[in-house]
Amino acid sequence: MSLRLSTVILPYRRWHEGGRSAWTRAEQLGFHTAYTYDHLSWRTFRDGPWFGAVPTLTAAAGVTERLRLGTLVTSPNFRHPVTLAKELISLDDISGGRVTLGIGAGGSGFDATALGQEPWTPRERADRFAEFVPLLDRLLSEDAVSYEGDFYSAHEARNIPGCVQRPRLPFAVAATGPRGMRLAARFGQAWVTTGDPKLYENGTPEQSIQAIRRQAERLDDICAEVGRDMTDLDRVLLTGFTPDRVAPLQSLDAFVDFAGRHAELGFTEIVIHWPIPDSPFATDEKVFEQIAMEAPAQLR
């Protein structure tokens with residue numbers, strides 16, 4: 001399989017002041033998927049404009065035809081499976097079946113306390129995620145669901161007519177630990193990683209490659225445990241969070257080398273951030289577009 005190239009467009013611009021043009025340009029450039037972050041606010045963007053993921057993706061669906069659309073990632077931090085399922089089914093319908101749900105356990109950022117709660121511990125996030133994903137799977141693939149769990153409930157929740165994509169839209173499950181990887185193996189159509197966060201500040205690119213190789217090997221073992229064909233699970237690398245940071249986007253050759261080394265580890269999709277001036281994702285737009293147009297052919 002050829003390595004797919006996708007992008008993530010942060011929802012920080014008003015739709016009619018540059019927001020729309022990024023999504024239409026992503027389709028013109030031939031990206032496989034354009035994702036956006038599903039946060040209420042995020043890191044250094046907290047005190048500036050930031051728009052909702054589902055309305056943004058709905059608008060993007062209306063101005064594109066072929067481009068797949070998705071979240072990277074949605075989490076239980078402020079989402080409930082019942083209401084999320086209804087929004088996703090609607091988005092999948094509006095887009096004509098072009099939606100991928102990137103989903104993760106969430107973190108301790110601004111989303112974790114925006115609803116007035118105390119931030120959950122890593123164990124609590126994992127416990128909720130372990131209940132969130134199977135329930136969402138049912139809600140997106142069954143007409144009516146009732147469920148009573150430790151964290152989430154559904155009472156005769158109706159989701160007719162269901163997703164355009166059958167049996168439901170695909171899940172791309174972000175995980176680095178064994179519990180999350182087990183969810184990816186059981187329910188995911190893809191697994192997502194950003195690498196080892198412990199290496200971001202002081203690690204080297206080679207250390208990052210080795211850490212990601214160990215993650216991929218752990219996923220292989222878990223797939224074998226649960227009886228999942230490991231070749232049936234796509235592997236997605238969201239870039240920008242390894243020690244390389246934006247270095248792979250400095251030239252076409254640098255990116256092809258970076259992507260090729262990860263393709264050797266079994267990755268089927270590489271996601272790069274749309275350039276944002278004066279941010280951690282500040283890159284040259286001309287080089288970015290050259291990578292989008294020319295790199296996929298070199299990575300076949």
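On a 1 Å grid over the protein atoms alone, a cavity is a set of points where a 1.4 Å probe fits but cannot get out, whereas a pocket is an open set with protein on both sides within 12 Å along at least five of seven lines, and lining residues have an atom within 4 Å of a point. Rolling a probe the size of a water molecule over the atoms shows where empty space is left. This is a predicted model, in which local features need pLDDT of at least 70 and side-chain atom pairs count only at pLDDT 80 or more, while totals for chains, interfaces and linings use all residues. Residues are numbered from 1 along each chain as its sequence is written, and side-chain values use heavy atoms, with hydrogens and water left out.

The protein chain has eight helices and ten strands, where helices (H or I, at least four residues) and strands (E, at least two) are DSSP runs numbered from the N terminus. Its radius of gyration, taken over C-alpha atoms, is 18 Å, close to the 19 Å that the globule rule (2.2 Å times the number of residues to the power 0.38) gives for 300 residues, so the chain is as compact as a globular protein of that length. Along the principal axes, the C-alpha atoms fill a box of roughly 55 × 45 × 40 Å.

Eight of the strands form a closed barrel that runs 1-2-3-4-7-8-9-10 with parallel pairing, two strands being paired if DSSP finds at least two bridges between them. From one strand to the next the twist averages 25°, with axes being lines fitted to C-alpha atoms, for helices over the stretch in contact, and angles running from 0 to 180 degrees between N-to-C directions.

A cis peptide bond with omega of about 0° joins Leu-72 and Val-73, and Val-73 lies in strand 3. The peptide bond from Ile-160 to Pro-161 is cis as well, with omega near 15°, and Pro-161 sits in the loop between strand 6 (153-158) and strand 7. Arg-43, in the loop between strand 2 and helix 2 (53-63), has phi near 45°, a positive value in a residue other than glycine.

Turning to the open spaces, the largest pocket holds about 1,500 Å³, where a volume is the space filled by probe spheres set on the points, and grid points are joined across faces, edges and corners. Its lining comprises 44 residues, of which Gly-106, Gly-107, Thr-176, Thr-194 and Pro-197 lie nearest the centre. Helix 4 gives the most to this lining, with five residues, and the elements that each supply at least two include strand 3, helix 5 (178-187), strand 8 (190-193) and helix 6 (205-226). By class, the lining has 19 nonpolar, 16 polar and nine charged residues, with Ala, Val, Leu, Ile, Met, Phe, Trp, Tyr, Cys and Pro counted as nonpolar, Asp, Glu, Lys and Arg as charged, and the others, Gly among them, as polar.

The second largest pocket has a volume of about 190 Å³, and of the 14 residues that line it, Arg-4, His-32, Thr-100, Pro-170 and Asp-234 are the closest to its centre. Strand 2, strand 7 (171-174) and strand 9 (234-238) are the elements that give two or more residues to the lining of this pocket.
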